[in-house]
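Good morning, and thank you for coming.

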Amino acid sequence: MLTRTTRPLLPLLLVVAGVAACGDGTAPVSTAGALTATSSSPAASTAPPTTPAAAAPSAAPAQTGAPAPAGSATAPPTTYATPTDSAADQALSDLARARGADVVSLDPATPDQPALAALVTDEGTGATLELLHWERSGWAADATLALPEPVLADREGGAVQWRHLTQDLWSDVVVHLQGGTLHSGVDAVVASHYGGEWSLVPREGVEEGEGSPVLLGNPLFDDGAVFVTRASAGDEVVLQYWRFDTTTGAWGEQPGPAAG
């Protein structure tokens, strides 16, 4: 008798057990639903907990209109385009070859100026200085200036230097020339873009017959705006200090450092 009545009661006991499980706040799991959901993966009740993987960033939508402007959050806009080294060098080399230039110099672009280039070509008793700037995809000529003496092409440290002497945002070009009154001396000129056009900066107070006003005899430059020229007077060397005068656009004499 017990054997016969126990087997028919088994489903009822299972139902009672499920109802009892609901008493602690846990809903009974549907067996059919579980089989359907896990038919192609391990059962959820036996899989160990894992940290969910970070969601992959969604791909940016394809642009269907005009491309975005150059300035963006990842590439802040700059005032002047910077050429790639290979493009600028190759284009400048081609220009120098076509001009027959003896000296070639390049000043990289900054937020305040485009990339600048100087080509110096000897012309017998003088030289020619051609100044260019990088514009989009090539070098644009700005000015050609006549220099009063031949360029010192083999000068140690370079015949052309880029400095900030006239307070202009664009770099000034210092070109060293053959000459000078000292032994193994050298002259120099400075071309500036001050006022928006390239020109050679003259010295103030140069009288007619005293030589070219743009020549600086045996100059010494540092990283400041004041520089010194040197001239021989008998057995002595006379020093003169200079600074750019923004009111006259010329080099004005400055007092030397006070004796300590």
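Let me begin with a definition: a residue is called buried under 20% relative accessible area, exposed over 50%, and partly exposed in between, using a 1.4 Å probe and protein chains only. By that rule leucine 147 is buried, because its relative accessibility is 6%.

A word on the source. This is a predicted model, in which local features need pLDDT of at least 70 and side-chain atom pairs count only at pLDDT 80 or more, while totals for chains, interfaces and linings use all residues. Residues are numbered from 1 along each chain as its sequence is written, and side-chain values use heavy atoms, with hydrogens and water left out.

Where does leucine 147 lie? It belongs to strand 4, residues 138–147. Strands (E, at least two residues) and helices (H or I, at least four) are DSSP runs, numbered from the N terminus. Contact means heavy atoms within 4.5 Å. Not counting residues up to four places away in sequence, leucine 147 touches Val120, Gly126, Ala127, Leu129, Val175, Leu177, Val189 and Leu200. Glutamate 123 is 24 residues from leucine 147 in sequence, and their C-alpha atoms are 9.1 Å apart.

Several of these names return in the nonpolar core. Such a core is a set of buried Ala, Val, Leu, Ile, Met, Phe, Trp, Tyr and Cys residues joined through side-chain atoms within 4.5 Å. The largest has 24 residues, and Val120, Leu129, Leu147, Val173 and Val175 touch the most other members. At least two residues of this core come from each of strand 2, strand 3, strand 4, strand 5 (160–163), strand 6 (172–178) and strand 7. Another core, of 12 residues, lies apart from it and includes Leu95, Ala101, Ala109 and Leu132.

Let us turn to the strands themselves. Two strands pair if DSSP finds at least two bridges between them. Strand 2 (residues 116–123) runs antiparallel to strand 3, and eight bridges join them; aspartate 122 has alanine 127 as its bridge partner. The two strands form a hairpin with two residues between them, and glycine 124 in the turn has a positive phi of about 80°. Strand 3 is also antiparallel to strand 4, through nine bridges, with threonine 128 partnered by alanine 146. As for strand 3 (residues 126–135), eight of its 10 residues are buried.

How many salt bridges are there? A salt bridge is a side-chain nitrogen of Lys or Arg within 4 Å of a carboxyl oxygen of Asp or Glu, and the count comes to two. One joins arginine 97 and aspartate 94, at 3.1 Å from N to O. These two are separated by about one helical turn, because they are three residues apart in helix 4, residues 85–99. Arginine 97 is exposed at 59% relative accessibility, whereas aspartate 94 is partly exposed at 37%.

The other salt bridge joins arginine 99 and glutamate 130, with the closest N and O atoms 2.8 Å apart. Arginine 99 is in helix 4 and glutamate 130 in strand 3, so the pair ties together parts 31 residues apart in sequence. Glutamate 130 is buried, at 10%, while arginine 99 is partly exposed, at 39%.
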